[in-house]
Number of protein chains: 10
Amino acid sequence: MVDKNILETFENPCPKRDYEVLIVQPEFTSVCPKTGHPDFGTIEIRYHPKEKCVELKSLKIYLQGYRNEGIFYERAVNRIMDDISSVVEPKFMEIIGRFTARGGITTSVKVQYQGE
Amino acid sequence: MVDKNILETFENPCPKRDYEVLIVQPEFTSVCPKTGHPDFGTIEIRYHPKEKCVELKSLKIYLQGYRNEGIFYERAVNRIMDDISSVVEPKFMEIIGRFTARGGITTSVKVQYQGE
Amino acid sequence: MVDKNILETFENPCPKRDYEVLIVQPEFTSVCPKTGHPDFGTIEIRYHPKEKCVELKSLKIYLQGYRNEGIFYERAVNRIMDDISSVVEPKFMEIIGRFTARGGITTSVKVQYQGE
Amino acid sequence: MVDKNILETFENPCPKRDYEVLIVQPEFTSVCPKTGHPDFGTIEIRYHPKEKCVELKSLKIYLQGYRNEGIFYERAVNRIMDDISSVVEPKFMEIIGRFTARGGITTSVKVQYQGE
Amino acid sequence: MVDKNILETFENPCPKRDYEVLIVQPEFTSVCPKTGHPDFGTIEIRYHPKEKCVELKSLKIYLQGYRNEGIFYERAVNRIMDDISSVVEPKFMEIIGRFTARGGITTSVKVQYQGE
Amino acid sequence: MVDKNILETFENPCPKRDYEVLIVQPEFTSVCPKTGHPDFGTIEIRYHPKEKCVELKSLKIYLQGYRNEGIFYERAVNRIMDDISSVVEPKFMEIIGRFTARGGITTSVKVQYQGE
Amino acid sequence: MVDKNILETFENPCPKRDYEVLIVQPEFTSVCPKTGHPDFGTIEIRYHPKEKCVELKSLKIYLQGYRNEGIFYERAVNRIMDDISSVVEPKFMEIIGRFTARGGITTSVKVQYQGE
Amino acid sequence: MVDKNILETFENPCPKRDYEVLIVQPEFTSVCPKTGHPDFGTIEIRYHPKEKCVELKSLKIYLQGYRNEGIFYERAVNRIMDDISSVVEPKFMEIIGRFTARGGITTSVKVQYQGE
Amino acid sequence: MVDKNILETFENPCPKRDYEVLIVQPEFTSVCPKTGHPDFGTIEIRYHPKEKCVELKSLKIYLQGYRNEGIFYERAVNRIMDDISSVVEPKFMEIIGRFTARGGITTSVKVQYQGE
Amino acid sequence: MVDKNILETFENPCPKRDYEVLIVQPEFTSVCPKTGHPDFGTIEIRYHPKEKCVELKSLKIYLQGYRNEGIFYERAVNRIMDDISSVVEPKFMEIIGRFTARGGITTSVKVQYQGE
């Protein structure tokens, strides 16, 4: 199950500089709530750290939590944004989910977050 | 035949956030009204949902409606925009049709819609 | 509907030489007999002409005949082989159908024909 | 769980001709029995049908059965071969599993089956 | 010979919307006025129709008119722009000619037109 | 017009060794005898020289001779073989013509020649 | 060990012109401070020289200094920026580190520097 | 040796229109002044002609002049800009030199010129 | 340092079937014994297991042992073959080392082993 | 000038095993004896060492000797084979020269050598 408490952070090693981190997880999978069949996709997370950086191993385990979760694409990407941005509190974050074809049709969802 | 009443929507799961959905259907086909031969192409739909999201299965069936329809490229892409934007009422929508070569010549058509 | 009588041939311009012709049609479409949804694929035809060559325009129209035909992949490729080989009577013919993904799974079928 | 009884077949539509079917499932996932982390890969199945062809939907569900199964690459590919070849009884079958990188290292496993 | 009177147009099916049409002809050929050897290239035409759209078949025949014409790259692309823009009277038009290597050197020419 | 007398040769610089020369001309064009429209393609010539090698500049001009010739694909490739092999008298020669799509369909023709 | 004193510069040959130099080192390697396993990546350095240009051989040796250094991605890229920008004193510098996948997840870090 | 007097121009065929010419020479070679070993690269020249266009054959011979010249990347690209821009007097010119890897490291240099 | 005793094996899960395992490590690095500079490459190991399979984690650590080893390409690949084949005792093994360019030149080494 | 005495060898580190070395030099250049313009190409050398391996640095300098040599493609590749095979005395050697396009036409030459 999806649990945002799994997410860990570490102190930004260079908080004075505005810089960008890009993390790509091409092995995301969840379950379609309509058909019960698995969905597959790539999750891209691009952010500018403020005081914290997301720890990669905990992020991987957090994303594995969707493996047996029934969830639509639009909701999944928005939820990942809500969870990670509330823990990392970045200056800026963008998350793109690119999902593999279903019925010949490919879908992707892109959300952005602007910190104060 | 093409019927916009086939299109279904579901409630935007995150209406407060401005985000983007991209849907790609590489298996679009219609018929050339001049020669009667089939045309083939890819339809890309990029939009920012307001209150509604387009349901993918109904979109697929709506686009299948062009299969035996005689229609020019320019009219087809504009009509797809008219039909989907009137049902989904997005903040923004862009549709690109990329058609395969005829007589060695490749054509694509790009239209945009700006909601109020 | 599929009609092998549409297929036309012309006289092999160089019958003394053993040579190979390869024809690729990436715009093949038929209908799944189970779901009623359209299938898409590429048909590759490789043959060594004996006395006759297949005429390209008639081949294109013959393959268009599958557009609204409900037929499985395995049967479609075998039927295309039966129809074309009986009309062209080549020394050798190989036909490969490469179909686009359904349920994430891609399928192709390859058949061969050896003339006397 | 993995259950070979899920696999269905249909009658070979052209049993007199020796031909080849290639099925590619790029969305295979299982679980590493050592670490508990998910593994991802592509399964390619190439076979020459004798009296039966494998039904694609049942094959998809059969392969989904590995989703929460702890199993090594070498055993998984050999087991898929044992299960499918015993149900389909083909003239020839080859299965290749291509797995994504772990610790920077990519692995694939290829097995073959020769019917009587 | 090059004759702009060959170019035909049809009425823009959606004159209220500002949209873009992209036409790519990868089979352009003319003759080098210096050496007499043939030149080869791709012509890309991107435009926003006002009241008229260019008819594709007539465009193809118009471009074939350069086949035995001795003309430099810079002049050819500017002339294609003069001819098509005067007939189609678009809101905006961009034409790019990408020519194949001569003496190891590749050249392309890009011109733009802004309607009133 | 096509004239095999244009073809020149030079003495094989290493007649004792059996080796291979591959020449690729991606700028071949002729005219369809049915429609009068230009055809485009790539000509690949692979040969093992005996006493003579084909001179490249004369080969280029020979192939340019097809520019305004109405000829079918099958006949063109066979004629190129007849002309070049009779002038160069190689140990072995293979010629492949790969032509661009017409009506969505791509064709290629491959012929071989075995010297005494 | 990492030593910024290794870095050498040479006089900018064209100090009046604002121009850009891009250096790509695809053979960067360091050690993960957590697991002790080696990390691999590509370092891209894009800068506008003021009075000095970085000497390539010394840059190569400087970057080799990370080979047995235990350091996180975010810190490594920020440190490379601190070291090179303090020695070269450019008008502008951007450094991107693109690291290979670990646990299926790919990471890159992008930092910028604006000189006075 | 490098001689800018080799460069020839011809009259811009369309001086009223602002347009762009892009010339790519992938066969540039010079000599490293440090090691004496040859360097290889691609030179891209993008410009907007004012009254003159650069003649391609003379440009090719001008660039061949660097073949046995010992010169650093940064100086070479700046010198090519100085020479060509002073002869062609364009509205705008950009030159990029992309050099092949040395010691695993790839370098490119980009300079721009703004005419009055 | 390189230590073949690090290599571990596990029992072949399907010893009756002749099958192939392919392992690709794109992150191989060693040191040039002449210059002291690091070398980079990809190691491909293809084998048919007899009674044992090589354990991946131990293989990864074994290959990491070359990180600070001064060794020529030809010797490295032959040594990897000697070490792994003596531990795994396969029916057949092929190892290819593909190394990145040095002085513009790329090298690869391929060795094979045939078990009794 | 081309001097085969520059070529150095070192002792084959594994003379008992039959293995293959592949060396690719993509930066080969010579001069066309007809036009005086430079030619560019890639030289691939594949061989099975007997008692000696070719030393890479000397090979690089040997190939640089062609830089200002006027020589035809067919002769150049045959001469490289004669020189290297006589110095290295391999079990087997194959050399392929792939040259860049001239007049739109690309040429490659492949020669083989079989040791006693």
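Trainee: Which residue of β2(I) stands opposite D:Thr106?

Mentor: In this predicted model, D:Thr106 has I:Val24 across from it in β2(I).

Trainee: What makes β6(D) and β2(I) a strand pair?

Mentor: Pairing requires at least two bridges between the strands. β6(D) and strand β2 (residues 20–31) of chain I have five bridges, in the antiparallel sense, so they count as paired under the limit of at least two.

Trainee: How many residues of chain D and of chain I are in contact?

Mentor: The contact involves 13 residues of chain D and 16 residues of chain I. On the side of chain D that touches chain I, α2 (73–88) and β6 (105–114) of chain D are the elements that give two or more residues. β6(D) gives the most, with seven residues. By class, that side of chain D has four nonpolar, six polar and three charged residues.

Trainee: Which rotation superposes chain A on chain B, and why is the relation called five-fold?

Mentor: The rotation is 72°, with 0.0 Å of shift along its axis and RMSD 0.0 Å. That is the relation of a five-fold axis.

Trainee: What does the contact between chain A and chain B consist of?

Mentor: Chain A puts in 14 residues and chain B 16 residues. On the side of chain A that touches chain B, α2 (73–88) and β6 (105–114) of chain A each supply at least two residues. β6(A) gives the most, with seven residues. The classes on that side of chain A are four nonpolar, six polar and four charged residues.

Trainee: How do you know that β6(A) pairs with a strand of chain B?

Mentor: β6(A) and strand β2 (residues 20–31) of chain B share five bridges in the antiparallel sense. The requirement is at least two, so the pair qualifies. One of the bridge partners is B:Leu22 in β2(B), which goes with A:Ser108.

Trainee: Which strand of chain B is joined to β2(B) by nine bridges?

Mentor: Strand β3 (residues 38–48) of chain B, running antiparallel to β2(B). B:Val21 stands opposite B:Tyr47 in β3(B). The two strands, β2(B) and β3(B), form a hairpin with six residues between them, and B:Gly36 in the turn has a positive phi of about 80°.

Trainee: What else does β3(B) pair with?

Mentor: β3(B) pairs with strand β5 (residues 92–102) of chain B over eight bridges, in the antiparallel sense. In β5(B), B:Arg98 is the bridge partner of B:Thr42.

Trainee: How do you know that chain A and chain H do not touch?

Mentor: A contact needs C-beta atoms within 7 Å. No contact joins chain A and chain H, and their closest C-alpha atoms lie 23 Å apart. Chain D and chain H do not touch either, with their nearest C-alpha atoms 21 Å apart.

Trainee: Why is F:Lys4 called partly exposed?

Mentor: F:Lys4 has 14 other C-beta atoms within 10 Å. Buried takes 20 or more and exposed takes 12 or fewer, so a count in between is called partly exposed. F:Lys4 lies in the segment before β1 (9–11) of chain F. Leaving aside neighbours within four places in sequence, F:Lys4 is in contact with F:Tyr62, F:Asp83 and F:Val87.

Trainee: What span is expected for helix α2 (residues 73–88) of chain G, and what does the model give?

Mentor: The helix has 16 residues and reaches 22 Å from its first C-alpha to its last, close to the 22 Å expected at 1.5 Å a residue. Its buried residues include G:Tyr73, G:Val77, G:Ile80, G:Met81 and G:Ile84. Just after α2(G), G:Glu89 takes a positive phi of about 45°.

Trainee: Which residues have the most contacts inside the largest nonpolar core?

Mentor: They are A:Ile95, B:Ile95, E:Ile95, G:Ile95 and H:Ile95, in a core of 146 residues. Not counting residues up to four places away in sequence, H:Ile95 touches, among others, H:Ile43, H:Val77 and H:Val111. Another core, of 141 residues, lies apart from it, and D:Ile96 and I:Tyr66 are among its members.

Methods. Residues are numbered from 1 along each chain as its sequence is written. Chains are lettered from A and ligands numbered from 1 in the order in which they are written. This is a predicted model: local features need pLDDT of at least 70, side-chain atom pairs count only at pLDDT 80 or more; totals for chains, interfaces and linings use all residues. Two residues are in contact if their C-beta atoms, placed from the backbone, lie within 7 Å. Helices (H or I, at least four residues) and strands (E, at least two) are DSSP runs, numbered from the N terminus. Ala, Val, Leu, Ile, Met, Phe, Trp, Tyr, Cys and Pro count as nonpolar, Asp, Glu, Lys and Arg as charged, and the others, Gly among them, as polar. Copies are superposed by least squares on the C-alpha atoms of residues with pLDDT of at least 70 in both. The expected span of a helix is 1.5 Å times one less than its number of residues. A nonpolar core is a set of buried Ala, Val, Leu, Ile, Met, Phe, Trp, Tyr and Cys residues joined through C-beta atoms within 7 Å.
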